[in-house]
Amino acid sequence: MSRFSAITDNPHDGRFNHKTGILVTNLGSPDAPTAKALRVYLAEFLSDPRIVEIPRLLWLMILHGIILRVRPKKSAKAYQSIWTEHGSPLVHISQQQTDKLNTLIKQHGFENTEVVMAMRYGNPSIEAGLEALRDKGLTRIIVLPLYPQYSSPTTGSTFDAVANVLKKWRWVPELHFINGYHKNPLYIEALANSIAEDLAANGTPQKLVFSYHGMPKRFLDHGDPYHCLCQQTTRLVVEKLGLDKSLVETTFQSRFGKAEWLQPYTDATLASYPEQGIKDIAIISPAFSADCLETLEELEEENREIFEHAGGEKYRYIAALNDRDDHINALFDVLKPLL
């Protein structure tokens, strides 16, 4: 039987499968914490023109001639430090989020839904996720990238990947693409709850750092709204908690290369705190919906070491929202108007 039979058999008699497919996506992960697997993953990731915006031919020469010869081994060591019995933390947590979201949606009476998880790079791929929904004969697809703050290298790239799959389909379903939810009240509430729980358990630090993933400053100069959306997220959470603004600082992490990136930089900011007398900090990364290399290795390990080496005494990382119930409720709230 053709994979299209659920849709194309007797199409004029109205017997379409009126179900909604939800594709929940995140960035991705290598299949294993090895140099070989990282070479495959980084080749896909760094070949995306949304990620690196320099002349294509020049970049591909640098990528394949230098970076993919050196970086995979170094990155493999970082991934090995966070790898679990379930494999990649990001993929495992994303699947937990998807499963809980699927359950919640059905509990609210939306039985005609199918929820599938996919990764922008690596596996399970966006193409595999969309094909899984197509095989069920669904007539509506909602794509929910788990990036609260829109940016071209994340949300925009996800749209590209979805479009590249759908442009090969003869029959394109009704499509809804969610390009961000940084101001969603329940998302802000979930962030505020996670911070409030930490403050109640550990006390108020001298600084509460909101560390977002960075990007080259030229992206902002050319109109990418990500920087502004991050600042809005911080402001809304601070207002929700009623915190003194002087307690909070917004920074940007994970830069590479020689170009100027969004500032202030997280690592440089942490290194400067002890000489200012700031030796007790808490740090959260609201741009990450699930814990991953950038939080578990970069923030928990690398940046902790930077702070303590500079003379810092108390450093605590407030975990990503992961599959917290209030986070899943927020994701459902984002989807609900489209169900």
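At what angle do helix 5 and helix 6 pack, and how far apart are their axes? In this predicted model, helix 5 (residues 126–135) packs against helix 6 (residues 152–166) at about 50°, and their axes are 9 Å apart. The model also holds an open sheet of four strands, with helix 2 lying across strand 1 and strand 2.

**Helix 5 and helix 6**

- Two packed helices are described by the angle between their axes and the distance between the axes.
- On the helix 5 side, the contact is formed by I126, E127 and L130, which meet T158, A161, V162, V165 and L166 of helix 6.
- By class, the residues of this contact are six nonpolar, one polar and one charged.

**The sheet**

- Strands of a sheet pair through backbone hydrogen bonds, either parallel or antiparallel.
- Here the pairing is parallel, and the strand order is 2-1-3-4.
- Strand 2 (113–122) and strand 4 (174–177) are the edge strands, each pairing on one side only.
- On average, neighbouring strands of the sheet are turned by 25° against each other, direction ignored.
- Six bridges join strand 1 (residues 20–29) to strand 3 (residues 140–145) in the parallel sense.
- L23 has V143 of strand 3 opposite.

**Helix 2 on the sheet**

- Helix 2 covers residues 35–46 and lies across strand 1 and strand 2.
- Relative to strand 2, helix 2 runs at about 95°.

Methods: Residues numbered from 1 in each chain as written. Predicted model: local features only at pLDDT ≥ 70, side-chain atom pairs only at ≥ 80, totals over all residues. Heavy atoms only, no water. Pairing = 2+ DSSP bridges. Helix = DSSP H or I, 4+ residues; strand = E, 2+ residues; numbered from the N terminus. Axes fitted to C-alpha atoms, helices over the stretch in contact; angles between N-to-C directions. Contact = heavy atoms within 4.5 Å. Nonpolar A, V, L, I, M, F, W, Y, C, P; charged D, E, K, R; others polar.
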